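This briefing concerns the contacts that a protein chain makes, both within itself and with a partner. Please consult the sequence and structure below before reading the points that follow.

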Amino acid sequence: MENQSIIKVDHLDLYAGKTHILKDINIEIPKNKLTVILGPSGCGKTTLLKCMNRLTDLTPDIKVTGNIFIGKQPVFGAKTDIVALRRKMGLLSQRPFPLPMNIYNNIAYGLKLRGKYSRTELNDLVEHYLRQVNLWEEVKDRLRSPAVRLSIGQQQRLCLARGLAVNPEIILADEPTSALDPVSSEAIEKQFAALAKDYTLVMVTHVLRQARRIADYVVFMYLGEVIEMRPAREFFEDPREEQTKKYLAGAFN
Amino acid sequence: MNISSNRRTRDKIITCLTYAAMFVVLLLPFALFIGLAFKSELLFRDHSLGQLLFSSSWRPSAGEFGFKPFIVGSLYVTLLAMIISAPICLLSAIHITQYAPARVSKVVTTAIDILAGIPSVVYGVWGMMFVVPIVSRYAAPLFGVQTTGFSILSGGVVLSIMVVPFILNILIEIYRTIPKELTEAALSLGATRWEAVRSILNRKALPGILAAVGFGFARAFGETMAVLMVVGNAIRIPESLFDQGYPLPALIANSYSELASVPEVESALMFAALILFVVVLLFNATLRWFIIKTEKY
């Protein structure tokens, strides 16, 4: 890999009860690039993503062997400060889930967890992050109204801004456009392309065209295994593995 | 499109039936209220509302009907029960839904259902056997008080245990319906598990928590048998937790046999029932207002 890697998945196996969900995953995700995890539904893409900031903790009866390293820090381990580690990774889920607060506090919540800010600093930062996702003009007059009143596309951009506000190095996104209308999807995709200069993005999707449009690298998964990981152009133009060829030809859909 | 008239008729009949059923349900509280008010009317011929609610003198034979001791007794026992049970229910609902392994939460849920099904007289007997003696022997002496143990405190404790399954059941359901993604969002922003629960999940659950408290209050306020067995039933305004009290439902149950003989007593008992009804109604109406206020997220 020509780029420096920031996430290293090392012999990761995951069992939920007796089901073997992730099978010996070994990948390195390059820094400040947009890496897409691609594969048919149920192949373990989302699980792999949630391993990276250990949201798997929320699901009982999960057993993990192997490890993931963010920089040099292991994700799984008794000594891991998981709260600090999670803060390095913003998260965008399939559907937006705004915090049960007003628009302003949705951004300010993470900031307040991060440190002490004066009222003016908070105001400035909230505006900054809302501008970064092109939401400021739409919401500046109703910052105190509940975030759930926004359209779903606006909510998703708010969730992105909320994630950016804790100043992460990595953004994890789990099919972030799957619940959105085409216009909002495009807005998010454009954001992602722009963010890839300063952030490492890992995005799960099963939409081939989306991966084609924005991916720098592609991790292709099938039935819990990584089939191949390549730069996007090579992946789409010259797939090596049999399963990849089939998937690109639409065989699994 | 041609729908056979038979199917159309059936559709109409069912629609009418559902309307009728809804109408009956809506009518019930009104019927109850009107019936009670109608029967209480006799009492108002010789007494003002203020007299009835705020006088402490209860001598039916002399025609004096002051409900204050009963109202105060009811409120004390109920509030005490809610103060004890609400925090316990809230914390255990959070633990069961957020922290406990699936196996444990299944066991607890089953236990709750069993508790909810136990007849209230059983709680009463249990209270007489255990709570009353403990209050008399251990709790009261700590404060230098002598008591038989039949007291507001015993009533409140027994009542708090009785309402736990009802409140807890609702709370568990409420926390379960909060999407996991909300917790994930909070955690990914750098919140600890408790911070996520405290400021995100609890806020989301707030309207439901209020509803659960309202439901618990209504149950506790009207609970009769178990409280009657441990609370002492002395007609006086209780001044401490160790005093005996006489809640409204107990009054109705204990005076039930005299109901037919003296018209004024009958009317007074109906009025007692009316007070119960109105207090629960007002309490729930107030809570409903708060619920609507807090439901905006």
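The domain assignment divides chain B into domain 1, residues 5–40, and domain 2, residues 45–294. In this predicted model, the centres of the two domains of chain B, taken over C-alpha atoms, lie 31 Å apart. Where the domains touch, domain 1 of chain B supplies seven residues and domain 2 of chain B supplies eight residues.

**Area buried between the domains of chain B**

- Together, domain 1 and domain 2 of chain B bury about 680 Å², and carbon and sulfur atoms account for 76% of that area.
- On the domain 1 side, the residues that lose the most area to domain 2 of chain B are L36(B), K39(B) and S40(B), which together make up 68% of what that side buries.

- One salt bridge is found across the interface of domain 1 and domain 2 of chain B.
- K39(B) and E266(B) are joined by a salt bridge in which the closest N and O atoms are 3.1 Å apart.
- Three residue pairs, with both residues at pLDDT 80 or more, are in polar contact between the two domains of chain B.
- The side of domain 1 of chain B that touches domain 2 of chain B comprises five nonpolar residues, one polar residue and one charged residue.

**Extent of the interface between chain B and chain A**

- The contact between the chains involves 22 residues of chain B and 26 residues of chain A.
- Chain B and chain A bury about 2,200 Å² between them, with 70% of this area on carbon and sulfur atoms.

**Polar interactions and composition at the chain interface**

- The rule finds one salt bridge across the interface of chain B and chain A.
- K50(A) and E184(B) form a salt bridge through their side chains, with an N to O distance of 3.1 Å.
- Four residue pairs, with both residues at pLDDT 80 or more, are in polar contact across the interface of chain B and chain A.
- Helix 8 (180–188) and helix 9 (193–222) of chain B are the elements that give two or more residues to the side of chain B that touches chain A.
- The greatest contribution to that side comes from helix 8 of chain B, with eight residues.
- Sorted by class, the side of chain B that touches chain A contains nine nonpolar, five polar and eight charged residues.

Conventions:
Residues are numbered from 1 along each chain as its sequence is written. Chains are lettered from A and ligands numbered from 1 in the order in which they are written. Side-chain values use heavy atoms; hydrogens and water are left out. Contact means heavy atoms within 4.5 Å. Buried area is the accessible area (1.4 Å probe) that two parts lose on being put together, summed over both. A salt bridge is a side-chain nitrogen of Lys or Arg within 4 Å of a carboxyl oxygen of Asp or Glu. A polar contact is a pair of N or O atoms within 3.5 Å; within protein, one must be able to donate a hydrogen and the other to accept it, and residues adjacent in sequence count only if both atoms are side-chain atoms. Helices (H or I, at least four residues) and strands (E, at least two) are DSSP runs, numbered from the N terminus. Ala, Val, Leu, Ile, Met, Phe, Trp, Tyr, Cys and Pro count as nonpolar, Asp, Glu, Lys and Arg as charged, and the others, Gly among them, as polar. Domain bounds come from an automatic or database domain assignment.
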